[in-house]
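Good morning, and thank you for coming. Please look at the model that I now show.

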Amino acid sequence: MPGEEIFYLPVTELAKRIEAKTLSPVDLTQLYLKRSEKYGPRLNAYARLTPELALAQAQAAEKDIRRGHYRGPLHGIPYAAKDLLAVKGVPTTWGAKPYASQVFDYDATVIEHLNRAGAVMIGKASMVELAGGMNYRFASASLQGRRKNPWDTSCWTCGSSSGSGAIVAAGLAAFAIGTETWGSIICPSAFCGVSGLRPTYGA
């Protein structure tokens, strides 16, 4: 059984182990789900976990890899998606009470890409309501409440991809997807001491 250090390995190292079949996507997903169930609520990091979807995707990835159909460095890697992103059949709340029960019948483009890459979605990351699009003054401006910084839970993780920052910093998923208009990836990354990438259009 892998030790605590596995939760802080970079995706590149996890990918090497999965490709070499020394690390099972199913085992890795179960480890992240168990850790997320334990620590996620303490940090208000998730809008929701998606264990059934995650295990189905992990099992499919493991089956493909065993047959020699390795898709690349995200195949079998567990991640969290900001709750701004549509995931077919899963509530997408945008962090706002009026949309608490909102469900789309399609996937966002980035989710489609990650599905094709064989990545494993373990949950939707909590966020500032409406990604801060209507402005906000307090860290608690979210359906899930204030996100807590894993390094000091009396501190915030910054917005609006605040749950994504907390999830990566706490080792609850190998990586997380955020979105940025004006600092929503850069700020949580800085506050939580993790690397964040704000890609240019078309990257």
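First, some ground rules. This is a predicted model, in which local features need pLDDT of at least 70 and side-chain atom pairs count only at pLDDT 80 or more, while totals for chains, interfaces and linings use all residues. Residues are numbered from 1 along each chain as its sequence is written, and side-chain values use heavy atoms, with hydrogens and water left out.

Four strands form an open sheet in the order 1-3-2-4, with mixed pairing. The edge strands, each pairing on one side only, are strand 1 and strand 4 (175-177). On average, neighbouring strands of this sheet are turned by 30° against each other, direction ignored. Helices (H or I, at least four residues) and strands (E, at least two) are DSSP runs, numbered from the N terminus. Two strands count as paired if DSSP finds at least two bridges between them.

In general, strands of a sheet pair through backbone hydrogen bonds, either parallel or antiparallel. Here, strand 1 (residues 46-49) pairs with strand 3 in the antiparallel sense over three bridges; Arg48 has Lys124 as its bridge partner in strand 3. Strand 2 (residues 78-82) pairs with strand 3 in the parallel sense over five bridges, and the partner of Lys82 in strand 3 is Ala125.

Why is strand 3 described as largely enclosed by the rest of the structure? Six of the six residues of strand 3 (residues 120-125) are buried, so the strand is largely enclosed. Buried means under 20% relative accessible area, exposed over 50%, and partly exposed in between, with a 1.4 Å probe and protein chains only.

Turning to the helices, helix 5 (residues 162-169) lies across strand 1, strand 2, strand 3 and strand 4. Its direction is at about 175° to strand 4; axes are lines fitted to C-alpha atoms, for helices over the stretch in contact, and angles run from 0 to 180 degrees between N-to-C directions.

Finally, Leu85 sits in the loop between strand 2 and helix 4. Leu85 counts as buried because its relative accessibility is 11%. Leu85 and Ala108 are 23 residues apart in sequence, and their C-alpha atoms are 5.8 Å apart in space. Beyond its neighbours within four places in sequence, Leu85 has contacts (heavy atoms within 4.5 Å) including Lys124 and Ile177.
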